Amino acid sequence: MPEDLNWAIGGEAGDGIDSTGKIFAQALSRAGRHVFTSKDFASRIRGGYTAYKVRTSVDRVESVVDRLDVLIALTERTIEENLNELHDDSVIIYDGERTTMQDVEIPGEMIGLEVPLKRLAEDAGGAIMANVVALGAACEVTNFPIENLDESLEKRFGDKGEAIVENNKKAARKGQSFVQDEYEHDFGYDIETTDADYVLLNGDEAIGMGAIAAGCRFYAGYPITPATNVMEYLTGRIDQYGGTVVQAEDELSAINMALGAARAGARSMTATSGPGIDLMTETFGLIATSETPLVICDVMRSGPSTGMPTKQEQGDLNMTLYGGHGEIPRFVLAPTSISECFWKTVEAFNLAEKYQIPVYLVSDLALAVTEQTFPPEAFDMEDVEIERGNVVDENDIDAWLDEKGRFQPHFPAADGISPRAFPGTTDGAHMTTGLEHDSLGRRTEDTDVRVEQVDKRERKVETAREREEFDYREFGDPDADTLVISWGSNEGAMREGIELLEERDIDVRFISVPYIFPRPDLTEEIEAADQTIVVECNATGQFADVIEHDVLQRVDRVNKYTGVRFKADELATDIEDAISRGEEVPQ
């Protein structure tokens, strides 16, 4: 594993935990270091424990681990919550002058730094800068040049005026100086900087960026954790490209607005979480039967019902695969990393228009709120291709008119893909109803036409199987006896878990699947393995069920549904235990 440092700040919701953590993460990124963040926050605006953790290294990091080196504790509970990750050399920075922190006892051989955060902040210009004082103290503890913090402070507070920026820089240096003067100690940490240039973003931002790059020009949504940041990213950005963001009164209105925009010819999208998908399901059927291309992003969280809005889970797979009354053709894509959130969004828009079909883009909270560093070339806009599918204009529409000169938007094409004419196209006037319809879009109950239209819509999926590459990503030892399969956000933890398993002389072949439907056929891969283990964040093993259905063979399962994402070291142990259990079963 690479040499890395794990840092965190924790306290009560409303104490500026998120903004403080992001300032430090950005500073590390701008100093040429890789960053991987994680957040733990309560489902409330104020009160309740919250934390922001940063793992950083000069080498790429893709997961959180069970180790914490430097902790800024704004409450005593912060120490308690992280006790199992702290070790003997961990440094805990806290304000011993605060009433609630005066009786804090530092456990074991850990190093406690009592820094008067509030008092030093007041000396710099205001108590509100106490967290920035703590950042300055952390810079000293880790030998991180404090100048790297300045640019992040300028970015965070630049719109508030130069005086505010300078006060924050002053506050950071007061924290640094206090540790220098009061603690003559070598803490054993040394954050190396490089000249590398990185982009720091989370999964929701990557989806928003991918939508703009893909040509999305209409977004409608309703705020819901953890999907709201997609809308926040697009707001103020998409209008620069001629697009519009609408905050609807609820999720049903949002998807109906997006449907209307898509019918008008705009690349359109909505994003929500599980409860919102429940509300959107009725319109989902209308999208499919009207053959309207639309991207619906589901950023999963713990359910059912309201569940745990700020906690991780991959529990919506069955809903995206099978949700809706009747039989509805659809595509389901699940990005496996933050960079894949960008590229799979672009692909979702292309698939939606090429096959005139609704596309579920399935992310989750772990991807949504995690910030990670990437080289700028990871998002090379020159590699973005926009494919609008079978769009016809006045030059080629004649081929799609019936004997009376009427346009046939639901023509029963051999590949299932009918022509699509945008409003205003000469001779392209047509209608479509949510009722079953004929090739002209007119309602019908004719049995032959019904069968013809159902078969036509279903043929799109088979056509896509023939024309597209719905493949998997592979890591580890291709000849290993143990095969691990997963989907979505678990990829990063598993990739690092492979390295930990190798240190224990355990080789595994790892397949990460970004296409849930249509999906790759894994029959040969599973038959070649002595044991197959499916990893996912839900209780029932929804993807494991799908795989067993596909290959008619039982698989072992590693399921986590605590509301917390997999960690690399934890997952490696879970895989090792699953292998041991498999060896105990007579073959």
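**Ground rules.** I am reading a predicted model, where local features need pLDDT of at least 70, side-chain atom pairs count only at pLDDT 80 or more, and totals for chains, interfaces and linings use all residues. Residues are numbered from 1 along each chain as its sequence is written, and side-chain values use heavy atoms, with hydrogens and water left out. Helices (H or I, at least four residues) and strands (E, at least two) are DSSP runs, numbered from the N terminus.

**Around Glu85.** I found Glu85 in the loop between helix H2 (76-81) and strand S5 (86-94). Leaving aside neighbours within four places in sequence, I listed the contacts of Glu85 (heavy atoms within 4.5 Å): Lys53, Val65, Asp66, Arg67, Leu68 and Lys567.

**Helix H6 and its cover.** I followed H6 over residues 162-182. Among its buried residues I noted Val165, Ala172 and Phe178. What covers the buried residues of H6 includes strand S6 (111-114) and helices H3 (117-124), H4 (130-141) and H5 (147-157).

**H3 against H4.** How do H3 and H4 lie to each other? I read that their axes come within 8 Å and cross at roughly 105°; axes are lines fitted to C-alpha atoms, for helices over the stretch in contact, and angles run from 0 to 180 degrees between N-to-C directions. H3 and H4 are therefore roughly perpendicular, a label for angles of 65 to 115 degrees. Leu117, Lys118, Leu120 and Ala121 of H3 meet Ala130, Val133 and Ala134 of H4.

I stopped at Asn143, in the loop between H4 and H5. Phi of Asn143 is near 55°, a positive value in a residue other than glycine. Asn143 counts as partly exposed, at 42% relative accessibility.

**An open sheet.** I traced seven strands in the order S9-S8-S10-S11-S13-S12-S18, with mixed pairing. Two strands pair if DSSP finds at least two bridges between them. S9 (244-247) and S18 (515-517) stand at the edges with a single partner strand each, so one side of each is left without a neighbour in the sheet. Inside the order, S10 (residues 268-272) and S11 (residues 294-300) pair in the parallel sense over four bridges, and I found Ala271 bridged to Cys297 of S11. Helix H12 (residues 338-355) lies across S10, S11, S12 (331-333), S13 (358-364) and S18, running at about 165° to S13.

**On either side of S11.** I found Glu291 in the loop between helix H10 (274-289) and S11. Glu291 has a positive phi, near 55°, and counts as buried at 3% relative accessibility. Pro304 sits in the loop between S11 and helix H11 (317-322), and the peptide bond from Gly303 to Pro304 is cis, with omega near 0°.

**Strand S14 and beyond.** Which way do the residues of S14 point? I saw Glu371 and Thr373 point one way and Gln372 and Phe374 the other way, and all are buried. S14 pairs with S7 (residues 199-202) in the antiparallel sense over four bridges, with Leu200 bridged to Thr373. My last entry is Gly405, in the loop between S14 and helix H14 (447-467), which counts as partly exposed at 39% relative accessibility.

Technical notes
The expected span of a helix is 1.5 Å times one less than its number of residues. Buried means under 20% relative accessible area, exposed over 50%, partly exposed in between (1.4 Å probe, protein chains only). Angles under 35 degrees count as roughly parallel, over 145 as roughly antiparallel, 65 to 115 as roughly perpendicular and the rest as oblique.
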